[in-house]
Amino acid sequence: NMNELHHELKSFLIETMNLEDIAADEIGDDMPLFSPEGLGLDSIDALELVLALKKKYGIVIEAGDESSRQHLRSVATLAALIASRQ
């Protein structure tokens, strides 16, 4: 179920990125994770996120790769990637 995966990913992001001041339902599915208008994560966060995704979902993403940036764009793009690999 994509909705469940979206919600799970939001909680996962909050936990992994230590975003205690934001609630899961405040993160939009299409909110840009690495944009100041979105969650405002940075390149260090990207590396952490990539490691955490590998650990939790067994998904290997090259952090600096252009296609990876597309996958890491939002909760929706991450969910689509995970769903396609499962």
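User: Hi! Before we start, what counts as a helix here, and from which end are helices numbered?
Analyst: Helices are DSSP runs of H or I with at least four residues, numbered from the N terminus. Keep in mind that this is a predicted model.

User: Thanks. Where is Glu-26 then?
Analyst: Glu-26 sits in the loop between H1 and H2.

User: Where does Lys-10 sit, and is Lys-10 buried or exposed?
Analyst: Lys-10 belongs to helix H1. Its relative accessible area is 10%, so Lys-10 is buried.

User: What does Lys-10 touch?
Analyst: Leaving out residues up to four places away in sequence, Lys-10 touches Ala-24, Ile-27, Gly-28, Asp-29 and Val-75.

User: Is Asn-18 buried or exposed?
Analyst: Asn-18 is exposed, with 52% relative accessible area.

User: Switching to aromatics. How many aromatic pairs are there?
Analyst: The count is one aromatic pair. Phe-12 and Tyr-57 make up this pair, with 5.8 Å from centre to centre and 80° between the planes.

User: What kind of pair do Phe-12 and Tyr-57 form, and why?
Analyst: The pair is edge-to-face, because planes over 60 degrees apart are classed that way.

User: Which parts of the chain does the pair link?
Analyst: Distant ones: Phe-12 is in helix H1 (residues 2–16) and Tyr-57 is in helix H2 (residues 43–57), 45 residues apart.

User: Are Phe-12 and Tyr-57 buried or exposed?
Analyst: Phe-12 is buried, with 8% relative accessible area, and Tyr-57 counts as buried at 15%.

User: OK, how do H1 and H2 cross?
Analyst: Their axes come within 11 Å of each other and cross at roughly 130°. That angle makes H1 oblique to H2. The crossing is right-handed.

User: Which residues of H1 and H2 meet?
Analyst: H1 brings Leu-5, Glu-8, Leu-9, Phe-12, Leu-13 and Thr-16, and H2 brings Glu-48, Leu-49, Ala-52, Leu-53, Lys-56 and Tyr-57. The residues in this contact divide into eight nonpolar, three charged and one polar.

User: And how do H1 and H4 pack?
Analyst: The angle between H1 and H4 is about 115°, and their axes are 9 Å apart. This crossing is right-handed too. From H1, the contact takes in Met-2, Leu-5, His-6, Leu-9, Lys-10 and Leu-13; from H4, Val-75, Ala-76, Leu-78, Ala-79, Ala-80, Ile-82 and Ala-83.

User: What's the make-up of the contact of H1 with H4, by class?
Analyst: The contact has eleven nonpolar residues, one polar and one charged.

User: Which residues are buried in helix H4?
Analyst: In helix H4 (residues 75–85), the buried ones are Val-75, Ala-76, Thr-77, Leu-78, Ala-79, Leu-81 and Ile-82.

User: What do the buried residues of H4 pack against?
Analyst: They pack against H1, H2 and helix H3 (66–71).

User: Let's zoom in on Thr-77. What is its relative accessible area?
Analyst: Thr-77, which lies in helix H4, has a relative accessible area of 19%. The cut-off for buried is under 20%, so Thr-77 is buried.

User: Which residues does Thr-77 touch?
Analyst: Not counting residues up to four places away in sequence, Thr-77 touches Gln-70, His-71 and Leu-72.

User: Last one: is Ser-84 buried or exposed?
Analyst: Ser-84, a residue of helix H4, counts as exposed at 55% relative accessibility. Ser-84 and Arg-73 are eleven residues apart in sequence, and their C-alpha atoms are 16 Å apart.

How values were computed: Residues are numbered from 1 along each chain as its sequence is written. This is a predicted model: local features need pLDDT of at least 70, side-chain atom pairs count only at pLDDT 80 or more; totals for chains, interfaces and linings use all residues. Side-chain values use heavy atoms; hydrogens and water are left out. Rings of Phe, Tyr and Trp (its six-membered ring) pair if their centres lie within 6.5 Å; planes under 30 degrees apart count as stacked, over 60 as edge-to-face and the rest as tilted. Helices (H or I, at least four residues) and strands (E, at least two) are DSSP runs, numbered from the N terminus. Buried means under 20% relative accessible area, exposed over 50%, partly exposed in between (1.4 Å probe, protein chains only). Axes are lines fitted to C-alpha atoms, for helices over the stretch in contact, and angles run from 0 to 180 degrees between N-to-C directions. Angles under 35 degrees count as roughly parallel, over 145 as roughly antiparallel, 65 to 115 as roughly perpendicular and the rest as oblique. A crossing is left-handed if the near helix is turned anticlockwise from the far one by less than a right angle, and right-handed if clockwise. Contact means heavy atoms within 4.5 Å. Ala, Val, Leu, Ile, Met, Phe, Trp, Tyr, Cys and Pro count as nonpolar, Asp, Glu, Lys and Arg as charged, and the others, Gly among them, as polar.
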